[in-house]
Amino acid sequence: MISDATEIDVKTAGQFARDNYLSVHHGVRSWLLTKDHKRIGLLYLFTILFFFLIASVAAALMRIELITPQPKLVTSETYNKLFTIHGVLMVWFFLIPSIPTVLGNFILPMMIGARDVAFPKLNLLSWYIFIAGGALALWSLIHGGVDTGWTFYTPYSTTYANTHVISMAAGVFVAGFSTIVTGMNFMVTIHKMRAPGLTWFRLPLFVWSLYATSLIMVLATPVLAITLALMSVERFWGVGIFDPKLGGDPVLFQHLFWFYSHPAVYIMILPGMGVISELITCFSRKPIYGYAWVGSASMAIAVLGFLVWGHHMFVSSQSVYAGMVFSILSFLVAVPSGVKVFNWTATLRKGSIHFGTPMIYALGFIGLFTIGGLTGLFLAALAVDVHVHDTYFVIAHFHYIMVGGMVMAFMGGLHYWWPKISGRLYPEFAGKLAAMITFIGFNLTFFPQFVLGYLGQPRRYHVYPPEFQIYHVLSTAGASILGVGYLMPLIYFIWAWKHGRVAGPNPWRATGLEWQTPSPPPEHNFQQTPVVTGPPYSYSAEKDVDVDLASI
Amino acid sequence: MSTLTSPASEDAFVAQQFDNIEQQREAAKLGMWIFLATEVLFFGGLFLGYTVYRFTYGQVFVDTSRKLDVLLGGTNTAVLLVSSLLMAFAVRAAKLDQRRMLTWLLLGTALLGCVFMSIKGVEYHKDYVDHLVPGRHFEWHGPDPYNAELFFWIYFAMTGLHAIHVTVGIGVMLVLALLARLGKFSRGNHNTVEIAGLYWHFVDIVWVFLFPLLYLVGHR
Amino acid sequence: MEKVTQPKVYVRTCVALLALLALTWAIGYVDLGSFNLIVALAVAIAKAIVIALFFMHIKGSSRLLHLVAVAGVIWLLFLISLTLGDYFTRGWVPLNH
């Protein structure tokens, strides 16, 4: 199903020959009232970029503060607010939406041969709900922020904190409904709107991962909503079910919170894994190894991920027997992830590897996600967790997965589908350079943190023993390099929008229905609904040894 | 079951992203059922709190539960069950293009919803007068007054959240009744009524669980 | 083509529900100890199934909808069972003095 890349749009300076989703309507209203999933994907992209910038500033301030063992830049109260806003914005206003609402919204309907998602108006509404949630969170931030940590643990959040907890929680509550609507929309779209011949086991793996993600979004997020509501009501009313004075248990909050928040991390990583599957196959010119295993692994992660939440509570006075059960289940949930890593690696074997920018991000993902995932197993072991819980070891673990994994997958996906979205190629040399800078900066930032945590540095502290300083300095140096790695794509994507080489429908000579339509796509994606007759990823490594993919 | 043939005019109601009316209907139903699954988990957090504290403070829950008015609670249950009957008939009327019947049935459902809310209001008022509302004015003259306050917090939280859902449902029914009156649900376009019906029945199901769990903890 | 349910199905459903309500009420007057909870839950579940099958038209609908209808409940059971697993077993470990 590889399309012939000869059907290139003839262009004059900056205009594309045919009417596409960008040119068909003009004006602010056509964007703010759009029902087109592609435009909504771009609206989300700008929005999450905004929140990513704020959260990055908070991270930068923290890293600068941490250069010295004694407080130099901020008070402890302010430091608490910095890590809180960093966590809240990065988790709920950047990572969770990222791939699903940007790449998922843009690409999913095209990948299944549909004209749009099942409920386009709800799709737009989900963006407005997201904006409303973000506005509430910003309101809280502007009025001084919150110092509870992104986890809002009781009784501090309900009883003792003097910061704007309820408005921040309200922001997250509202944003959660955006997630639920998106998840529901994607599930119905995948169930009901696949093109003729596109059976479940012919779906691209990105679709499988979005389906698994949507399952989690829909089943986990409501529990977060009720939990934040209960916490807020208790704070407002002065009395509630987490209050020991009434015989309540603060740890009940943790059960409810983590029942959502652990599956939430799978919301954050599964879409990234889906992107990696697409990138590895395309840039190895080989069908994925063990397609059904990879797709099933996504579903297994989605289901098993709901059964492990207690591993966040090993030292919270949870019963040791419950701890053992959660520990075993946490080891179990690592297995499908391991299956995926194995299958991606096996796909590379005897492939015809093309080192385009998306591939560099994908290969980086595999290595860094593996490190992050393995260190998760350290944490799942009860005895080890007693020592490293609430230390920098945990921070390094989840940043390896979220930044080394998910953000790199997001970058890889953005680079891969940018030609489809914009009609133009980004500059390949700059892309490769930024990817390498990101990789180096990332490891320098976060590897020292594993050591720090192992040596005993607690998280959420800005004061530390002087013998730890060297690791913090290395980490901050790495963070500045990482920042450069993120800034470069921001600049060259904007540059490429107007000045990049015209891409044509299929610069990567990829399989997949989204590449069978012009770049940028027309408003309703396909002139007529495609019919699918074979499996995905019908690449041939032998044939494509010398094939020229874009400009790599 | 009688069947209807679908006239060509149904296709006028198909949105551009769908291929035919059947796909649109199936998608809407699936979407609403998924939403109801999210609602199960939304209420579920409260059910978890209830379960944990009933397990921990069993005797207190027995004593406090007896303070709730079983007659009013039971009546409310019957009210919602009958309202579900009216709603089911409303969906049927929409499918059969019986405009006036549909309007009256939707109004009837909304009315019974209001009856439910009124009875709830009477109960809440009585609880307020009896100093059973958690907070500064809570009074409990039995043993374990703090745990008793916990039960009533859960009671108000669960029935309050449910009441919010009933209120939303009443609003939806009133809007639908108006749209029905204006002829918006002619044959082929009944899906919205069916979807709203699913929501209303779900709200009924939640109460079906709340009644025994809150009102009938101990025997009388 | 839309199937339309006969009125008598709805009426019988409602009668059954009210009968179950009467049963719930009656059980409230009998002391079964801890079985009170189990019986009350069983009757509530029966009512819920009846409402779902006949009022919500689950009966005769696709298997997918059946799955979605139970999925929420199953996931809620995940939440409740594992959390209760914590609370039930907290007292098991003897404290060393």
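This is a predicted model: local features need pLDDT of at least 70, side-chain atom pairs count only at pLDDT 80 or more; totals for chains, interfaces and linings use all residues.
Residues are numbered from 1 along each chain as its sequence is written, chains are lettered from A and ligands numbered from 1 in the order in which they are written, and side-chain values use heavy atoms, with hydrogens and water left out.

Chain C holds three helices and one strand, where helices (H or I, at least four residues) and strands (E, at least two) are DSSP runs numbered from the N terminus. Along the sequence, the pattern of chain C is β-α-α-α. The radius of gyration of chain C, taken over C-alpha atoms, is 19 Å, well over the 13 Å that the globule rule (2.2 Å times the number of residues to the power 0.38) gives for 97 residues, so chain C is more spread out than a compact globule. Along the principal axes, the C-alpha atoms of chain C fill a box of roughly 75 × 40 × 10 Å. Of its 97 residues, 42% count as buried, a word that stands for under 20% relative accessible area, with exposed meaning over 50% and partly exposed in between (1.4 Å probe, protein chains only).

Where chain C meets chain B, the contact (heavy atoms within 4.5 Å) takes 45 residues from chain C and 53 residues from chain B. The two chains bury about 4,600 Å² between them, 80% of it on carbon and sulfur atoms, buried area being the accessible area (1.4 Å probe) that two parts lose on being put together, summed over both. On the side of chain C that touches chain B, the elements that give two or more residues are strand 1 (3-4), helix 1 (7-27), helix 2 (35-55) and helix 3 (63-89), and helix 3 gives the most, with 14 residues.

The contact between chain B and chain A takes 32 residues from chain B and 36 residues from chain A, and these chains bury about 3,000 Å² between them, 74% of it on carbon and sulfur atoms. Across this interface the rule finds two salt bridges, a salt bridge being a side-chain nitrogen of Lys or Arg within 4 Å of a carboxyl oxygen of Asp or Glu. Side chains of opposite charge can pair when their charged atoms come close.

Over all chains the count comes to ten salt bridges. In one of them, B:Asp19 pairs with A:Arg115, the closest N and O atoms being 2.9 Å apart. B:Asp19 lies in the loop between strand 1 (2-3) and helix 1 of chain B and A:Arg115 in the loop between helix 4 (98-111) and helix 5 (120-142) of chain A, so the pair joins two chains.

Another salt bridge links A:Asp249 with C:Arg90, their closest N and O atoms being 3.0 Å apart. A:Asp249 lies in the loop between helix 8 (205-237) and helix 9 (250-284) of chain A and C:Arg90 in the segment after helix 3 of chain C, so this pair also joins two chains. A:Asp249 is buried, with a relative accessible area of 12%, whereas C:Arg90 is partly exposed, with a relative accessible area of 28%.
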